[in-house]
Amino acid sequence: MLPYAAYLRVYEPLAAFAPQERASWAAYAEAADRPRRAGALRAEHGEAVRRLLGVPPVPAPPHESPNAYLRRVEEVLYVCPWQSRLRSWLAFSRFRGATPARLAERFVPFTVAQQTADDFDRFKRRGGSAALRTNIRTSTWHVPTEWFVPFDHNERWLVLDDGRPRSGATTTRNLIYVTSMAHARRRSARALQIVRRHVGDDTLISGIEEVARWLEEFHPHSLVELDYGGIVHLMDDDTLQADHSVAEVSAALTGLETGEEELAFTMYRRVILRWRSIQLLESAN
């Protein structure tokens, strides 16, 4: 089963990496046995499941993943490292912080949890705050509203099933947006200015601020991608085709900017209700 998660990714140009990493990623791009895009999510998820189902479970891999998502645009190679170990450490830290100790021990024995935390602490002391930067953000069971802000509806790429039977989950069905870092930053800055002026929702403001700050951490010529990932398996084809959340968020912002408050409210409410209904599936029987 695929995880019901969406992803916000940053692909940096090869030139953004240090010489040794640059050579490594260039060689990786030419490797015949690297995970291809169509099966990468399944490969990532499979690795995580095998670790967590082990006895004892392994919350984070012992070494960083050598894999990455790749894009080529006009002969330029863009790289988004999986960073499986770092992302696992961060996710496990959030899990421990949000889960009572006795309940957490039912999932991960205390000694294993403590060793994982100690390993992460050593990593942070060696690398500092810069070492905690991740190229991938993950959201389970829904796409956060602020994730739609950096994109334009014309950047939407929808692929549906071709009707042929397949064993297991399909690998082609997806909904993706891709934009340049310059566009993503400009749209985020505009949205932040508008919501600060017209909206009193601190949660929305802080969400857009967080995304905007995160985007500033990367090379200015990077690409930004919103990938619905496993979320598409919670939506039938008609629902996916009707999902224009990016366009609706953009229309809501424009409505606020031009004083069309009724339009802004209608568009924003449409997005909120759509994703609330999907998120509620997490607790459905």
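The following dialogue explains how to read several features of a predicted protein model.

Trainee: What should be kept in mind about the model before its features are read?

Mentor: This is a predicted model, in which local features need pLDDT of at least 70 and side-chain atom pairs count only at pLDDT 80 or more, while totals for chains, interfaces and linings use all residues. Residues are numbered from 1 along each chain as its sequence is written, and side-chain values use heavy atoms, with hydrogens and water left out.

Trainee: How is pLDDT to be read, and where is confidence lowest and highest in the protein chain?

Mentor: pLDDT is the predictor's confidence in each residue, from 0 to 100. The protein chain averages 90, and 94% of the residues score at least 70. Confidence is lowest in helix 2 (residues 37–52), with a mean of 81, and highest in strand 7 (residues 223–227), at 98. Over residues 163–170, however, the pLDDT is below 50. Beyond near neighbours in sequence, that stretch has seven contacts in the model, a contact being heavy atoms within 4.5 Å. Where pLDDT is low, the predicted coordinates should not be read in detail.

Trainee: How many helices and strands does the protein chain have?

Mentor: Helices (H or I, at least four residues) and strands (E, at least two) are DSSP runs, numbered from the N terminus. The protein chain has 10 helices and seven strands. Its radius of gyration is 20 Å, close to the 19 Å that the globule rule gives for 285 residues, so the chain is as compact as a globular protein of that length. The radius is taken over C-alpha atoms, and the rule is 2.2 Å times the number of residues to the power 0.38. Along the principal axes, the C-alpha trace spans about 55 × 50 × 50 Å.

Trainee: What share of the residues is buried?

Mentor: Buried means under 20% relative accessible area, exposed over 50%, and partly exposed in between (1.4 Å probe, protein chains only). Buried residues make up 43% of the 285 residues. As for contacts between residues at least 6 apart in sequence, 76% join residues at least 24 apart.

Trainee: Which residues does arginine 274 touch, and is arginine 274 buried or exposed?

Mentor: Arginine 274 lies in helix 10 (residues 261–279) and counts as buried, because its relative accessibility is 15%. Not counting residues up to four places away in sequence, arginine 274 touches Ala242, Asp243, His244, Ser245 and Glu248.

Trainee: Where does glutamine 241 lie, and which residues does it touch?

Mentor: Glutamine 241 belongs to helix 8 (residues 237–242) and is partly exposed, with a relative accessible area of 39%. Leaving aside residues up to four places away in sequence, glutamine 241 touches Arg156, Leu158 and Leu160. Glutamine 241 and leucine 160 are 81 residues apart in sequence, yet 8.9 Å apart in space, C-alpha to C-alpha.

Trainee: Which residues does the cis peptide bond join, and which residue has a phi near 70°?

Mentor: A cis peptide bond joins valine 55 and proline 56, with omega about -5°; proline 56 sits in the loop between helix 2 and strand 2 (68–73). Glutamate 75, a residue other than glycine, has a positive phi near 70°. Glutamate 75 is in the loop between strand 2 and strand 3 (76–81) and is exposed, at a relative accessible area of 73%. Glutamine 83 likewise is not a glycine, and its phi is positive, about 50°. Glutamine 83 is placed in the loop between strand 3 and helix 3 (84–98) and counts as buried, at 13% relative accessibility.
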